[in-house]
2 protein chains.
Amino acid sequence: MQQVAAEAGVSISTVSKVINGRYGVSAETVDHVTQVIDRLGYEASLVARSLRNRRTNVIGVLVMDFEPFSTEVLKGVAEAIHGSGYELIAYSAGGHVEAQVGWERRSLTRLMGSLVDGAVLVTPTVTDVQADGPVVAVDPHTGPSGLPSVAADNLQGARLGVEHLLRSGHTRIGMITGRSDLLSAQQREQGYREALAAAGLRVDEALVRPGGFDPELAREAARELLSHPEPPTAIFAANDLSALVTLEVAAELGLDVPRQLSVVGFDNIPESAVADPPLTTVQQPIRRMGQEAADMLLALIAGEAVADVHRTLATSLVLRASTAPPTPAS
Amino acid sequence: MQQVAAEAGVSISTVSKVINGRYGVSAETVDHVTQVIDRLGYEASLVARSLRNRRTNVIGVLVMDFEPFSTEVLKGVAEAIHGSGYELIAYSAGGHVEAQVGWERRSLTRLMGSLVDGAVLVTPTVTDVQADGPVVAVDPHTGPSGLPSVAADNLQGARLGVEHLLRSGHTRIGMITGRSDLLSAQQREQGYREALAAAGLRVDEALVRPGGFDPELAREAARELLSHPEPPTAIFAANDLSALVTLEVAAELGLDVPRQLSVVGFDNIPESAVADPPLTTVQQPIRRMGQEAADMLLALIAGEAVADVHRTLATSLVLRASTAPPTPAS
DNA sequence: TTGAAAGCGCTAACAT
DNA sequence: ATGTTAGCGCTTTCAA
């Protein structure tokens, strides 16, 4: 900015006024300074500007790490932001081990109040944060709390998946559960139990094994289920990763999917479509979640009243080739 | 920071010293201040710190928009950054129309020199930028120029795709080309021509139609090719989007793919795996490109000499169901 | 060992 | 219409 001022032969503040379109500058000066700016390819430093201004016109997406889920949310947010005049910054503290716990609060204090006018927090574990600006949580791990939030309907999704199996004629349906400290996992298990109950079926606790959203734990759980003296004819996994592992275990044991075993997952990650066989799964509308969160955030920033601060988006069943009616013979 | 200082009964500068582990503070004071910091959940503002320091320990990924390609690069960069101690910021000016041209320079001047120590520029059109820090371009549209860059081997990829068709026995192979102002598109066309030439085949210019990487143009091109009096038995499309459109046109015309027409795409976007039929295509190692770019950037920031500043990564053929030998009858 | 003061690039209130 | 000055939150001399 100094360069521009020197080059144009005016003061720094005049340049600032030109850039920000403030009154009190002659049209002539505006022209001249504008030309110099263009010639030098100057653009105000986002940082310096943020430090001085309360408003930055930037919204932030704070993530623990850039993985498939968070980047999908990011795409949704970007779509919703288009044409709003806002810029977008996605921030990850880098996923180092020490940064694990409390990354939400840390990231928030680092960016909010400067740099960003509001933030979307993706899959936070802690939601009792307070920041000096609007914050919307996407898929909070501990459920809707103080923070406005957008999440998928895990309960309904799980019922969808299990009901599909029930309709196919399965009655002995096992489940590989998720991380018990996460609300999403609890709800998926609850949906499983509710669907069975609604069908008048009793839950055989021996068929509910912990998978912890973890491939190795899930592998163990799948082995246990399939080596049960009276094994299930279908397995509902709390996430696709666990379902994919179940597919592998079934292959190891020489079980034909879907003829001898049906498998339903949850998430619909890209890998599921190209699995062998392609996985039938419950899809979360991740992009939509990002869009809704961004819409909500924009409204919050604009000071508008937001009616439903805890939104739940419907999930849907994606039918592929890992499910079929049970074979009477088996 | 004022709060912390007040709470701890010390000066602001002492707090700063504690945070940055500077010498000249008693162990006792360090302990006390650290406790207060933890209790208040304080974290230094990234912005204020950037403004003062030359070094920020943050690297930036600058994109025009958050779409599938750029987010895939982002994932690769994130992987490479893990454990390096760097934080990651991805920035998009928002994709508004006025920001279209020259977004690379603008973003760069906005963020570099403050906020980020170095940047990865994704698919820039302009590469003659100069910033006061290292910059690496991923898949620059105009080819390797001044900027260090990482790109896929478009030439080799195109040959791979066309050679697959040739090996299957096709001799009448059409092409839907890409945006002629983009190097990647030019190279893909060149690869097509070279592969045919290497097979001793002459290129029938009537079978090379412009698709511009645009669905509508591509649709038109596909229609022209397939309504040719002597239509090709196979089509190589410059990108998956065009190939997918070609599949649609073939279906409209009642052509069976791959029995009556083989189609090969380029990119391997997720949609291609679930197309009908699943598309055989040339895959770009997008994640790897992000990783390589990040590795290079890190080395550049560390002041290390980087031998190969223009890297080209090999592409590979993904065989799916849209190709087959030509039917002698047709 | 600690604190006071200057300054990073910018904007806004104020003075000319 | 233009320039001067203070200060955003932080780090870093430098002095106490």
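Both faces of strand E6 of chain A are covered in this predicted model, with A:Ile173, A:Met175 and A:Thr177 buried on one side and A:Gly174 and A:Ile176 buried on the other. In a regular strand the side chains alternate between the two faces of the sheet. Because 5 of the 5 residues of E6(A), which spans residues 173–177, are buried, this strand is largely enclosed by the rest of the structure.

**Strand E6 of chain A and its partners**

- Strand E6(A) is joined by 4 bridges to strand E8 of chain A, residues 234–237, and the two strands run parallel; within this pairing, A:Met175 stands opposite A:Phe236.
- Strand E6(A) is also joined by 3 bridges to strand E7 of chain A, residues 208–210, again in the parallel sense, and here A:Thr177 has A:Pro210 as its bridge partner.
- To get from E6(A) to E7(A), the chain passes through helix H8 of chain A, residues 183–198, in a β-α-β crossover that is right-handed.

**Strand E8 of chain B and its partners**

- Strand E6 of chain B, residues 173–177, runs parallel to E8(B) and is joined to it by 4 bridges, with B:Gly174 standing opposite B:Ile235.
- Strand E9 of chain B, residues 262–267, pairs with E8(B) in the parallel sense over 3 bridges, and in this pairing B:Ser262 is the bridge partner of B:Ala234.

**A buried charged residue in chain A: A:Asp117**

- A:Asp117 is placed in the loop that lies between helix H6 (103–111) and strand E3 (118–122) of chain A.
- Although A:Asp117 is buried, it has no salt bridge, and the nearest side chain of opposite charge, that of A:Arg55, is 4.1 Å away; a salt bridge would require the nitrogen and the carboxyl oxygen to be within 4 Å.
- The side chain of A:Asp117 does, however, reach the backbone nitrogen of A:Thr56, at 2.8 Å.
- Leaving aside neighbours within four places in sequence, the residues in contact with A:Asp117 include A:Arg54, A:Arg55, A:Thr56, A:Asn57 and A:Val58, and also A:Tyr86, A:Met112, A:Gly133, A:Pro134 and A:Ile301.

**A buried histidine in chain B: B:His164**

- B:His164 belongs to helix H7 of chain B, residues 154–167, and with a relative accessible area of 11% it is buried.
- The side chain of B:His164 makes a polar contact of 3.0 Å with the side chain of B:Thr323.
- When residues up to four places away in sequence are not counted, B:His164 touches B:Val264, B:Thr280, B:Leu317, B:Leu319 and B:Thr323.

**Salt bridges**

- Side chains of opposite charge can pair when their charged atoms come close.
- Over all chains, a search of the whole structure finds 42 salt bridges.
- One of them joins A:Glu7 and A:Arg39, whose closest N and O atoms are 3.3 Å apart; because A:Glu7 lies in helix H1 (residues 2–8) and A:Arg39 in helix H3 (residues 27–40) of chain A, the pair ties together parts that are 32 residues apart in sequence.
- In this pair, A:Glu7 is partly exposed at 45% relative accessibility, whereas A:Arg39 is exposed at 56%.
- In chain B, the side chains of B:Arg287 and B:Glu79 meet in a salt bridge at 3.0 Å, N to O; since B:Arg287 lies in helix H12 (residues 286–301) and B:Glu79 in helix H5 (residues 68–81), this pair ties together parts that are 208 residues apart in sequence.
- B:Arg287 is partly exposed, with a relative accessible area of 33%, and B:Glu79 is partly exposed at 36%.
- B:Arg219 and B:Glu216 also form a salt bridge, at 3.5 Å from N to O; they are 3 residues apart in helix H9 of chain B (residues 215–226), so about one helical turn separates them, and B:Arg219 counts as buried at 16% relative accessibility.
- In chain A, a network of salt bridges links A:Glu216, A:Arg219, A:Arg223, A:Glu248 and A:Glu252.

Key:
Residues numbered from 1 in each chain as written. Chains lettered and ligands numbered in written order. Predicted model: local features only at pLDDT ≥ 70, side-chain atom pairs only at ≥ 80, totals over all residues. Heavy atoms only, no water. Buried < 20%, exposed > 50% of the residue type's maximum accessible area, 1.4 Å probe, protein only. Lys, Arg positive; Asp, Glu negative; His and termini not counted. Polar contact = N/O pair within 3.5 Å; in protein donor to acceptor, adjacent residues only side chain to side chain. Contact = heavy atoms within 4.5 Å. Pairing = 2+ DSSP bridges. Right-handed = clockwise from strand over helix to strand, strands pointing away.
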